[in-house]
Amino acid sequence: MFENVKAIPGDALLALMMAFKKDPTPTKIDLGVGVYKDDQGLTPILPVVKKAEALILEHEQSKGYIGPAGAPELAVLLQTLMLGDDHPLTKTSCISTAQTPGGTGALRVAGDLVNALNPKAKIWVSDPTWSNHFHVFAGAGVEVRTYPYYDAQANALAFERMLEEIRQIPAGDVILLHASCHNPTGIDPTLEQWQQISQAVADQGLLPLIDCAYQGFGDGLEEDVQGLRLILEKCPEALITTSCSKNFGLYNERIGALSIVASTPEHCSNVFSQACNCIRANYSNPPAHGAAIVSTILSDTELRQQWIQELAEMRSRIHRMRANLVQNLEQLSSDRDFSFITAQKGMFSYSGLSKAEVKYLKDEYAIYAVDSGRINIAGINDGNIDRLSQAIFKAINR
Ligand code: LMR
């Protein structure tokens, strides 16, 4: 079985993460993998998470299986976080949510579900998108296609081309949309554009699959789900994948969710049973600890308030670093305009740096970014921003 097997290269993003870890340069800067870092360059456990864990340790009664769909109380809490308190969907039982191992786990279950319900359906993703979308859906046996998203000349959304392509996608196919903080570009549609996108998706008879991995990292918890809510106003059926990795800082606890939205409670519970079947065949039951943390925080008024505050601190540090980077680059009077970076949302920025410039930054300054020019703004801090700005200035003026 193993004799003639050839090694394949690992995931480029994870390889970049490992290369950074191994690099002994004391002044190295990590702008690669999408993990939040504070002003000291660390990814600490949120104080509110520590509090929740202490409560869990004290009260936890069992390590028994929690069932394929996970904790029902978490499902309701995540639905409310996404849709608000009084959304008609939650009142009419037209939404069901299964807890999953991270947002990636949710995407895989979504892929398995699409394949189980309609093996001919394709999933359309933005060009560019998070590179793992391709692997996850290919792993689920679903064909992936792309629609235009990024206008490289303008460093902006290629909105007209995107709409045009959506209007060509065959009915019954699935379209993946990033709820906010688009990964990798950081470019989100405006509300007016979301209106038009949701209308086109509905007119075309597509199933929206909304990847909601950064709620609270863009403009705020409410603001970051406005597009998602518009889609649900127009489309009677949808899949939503949630990640709690970033907004709760629970990366290695693997906690996320898949929500199914249907037009009747019966359709919803039928499809949900199919999703549970996919889960059973895949990993049987999700892990419990991360879910317990999120449930503990969201169900307690004081802890929830503390979390909202800690999330706001992460968000505003990212905003500040975006603005400071652009200001620094302007002061270095580079010919290149970087002002578009301030309009981008969330952790990431498509910086416009070329592959060669990214390589130069790594080779000469131990600054790690993704080949595409994507930089993780959360990797910038007051201690490294001057060095980074100088290095970028050198890279583009060579
Ligand atoms: C990223 O895009 O860097 C994150 O979503 C982390 C990952 O797993 O790729």
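What is the volume of the largest pocket? About 880 Å³, where a pocket is an open set of points on a 1 Å grid over the protein atoms alone, with protein on both sides within 12 Å along at least five of seven lines, and where a volume is the space filled by probe spheres set on the points, which are joined across faces, edges and corners.

Before selecting anything, note that this is a predicted model, in which local features need pLDDT of at least 70 and side-chain atom pairs count only at pLDDT 80 or more, whereas totals for chains, interfaces and linings use all residues. Residues are numbered from 1 along each chain as its sequence is written, and side-chain values use heavy atoms, with hydrogens and water left out.

**The pocket lining**

Select Gly 34, Ser 245, Lys 246, Tyr 251 and Arg 254, which lie nearest the centre of the largest pocket among its 38 lining residues; a lining residue has an atom within 4 Å of a point. Coloured by type, the lining divides into 17 nonpolar, 14 polar and seven charged residues, with Gly counted as polar and Tyr as nonpolar. Next show the helices (DSSP runs of H or I, at least four residues, numbered from the N terminus): α1 (12-22), α2 (47-59), α5 (102-117) and α6 (132-139) each supply at least two lining residues, and the largest share, four residues, comes from α5.

**The ligand**

Now select the ligand and the residues around it, namely Leu 13, Val 33, Gly 34, Trp 130, Asn 183, Tyr 214, Lys 246, Phe 348 and Arg 374, each with a heavy atom within 4 Å of it. For polar contacts (pairs of N or O atoms within 3.5 Å), begin at Gly 34, where a backbone N or O atom lies 2.6 Å from a ligand oxygen. Continue to the side chain of Trp 130, with an N or O atom 2.9 Å from an oxygen atom of the ligand, and then to that of Lys 246, where the corresponding distance is 3.2 Å. Taken alone the ligand exposes 260 Å², of which the protein buries 80%, by the Shrake-Rupley method with a 1.4 Å probe.

**Backbone stops**

Another cis bond runs from Asp 127 to Pro 128, with omega near 10 degrees, and Pro 128 is in the loop between β3 (123-127) and α6.

How values were computed: On a 1 Å grid over the protein atoms alone, a cavity is a set of points where a 1.4 Å probe fits but cannot get out, and a pocket is an open set with protein on both sides within 12 Å along at least five of seven lines; lining residues have an atom within 4 Å of a point. A polar contact is a pair of N or O atoms within 3.5 Å; within protein, one must be able to donate a hydrogen and the other to accept it, and residues adjacent in sequence count only if both atoms are side-chain atoms.
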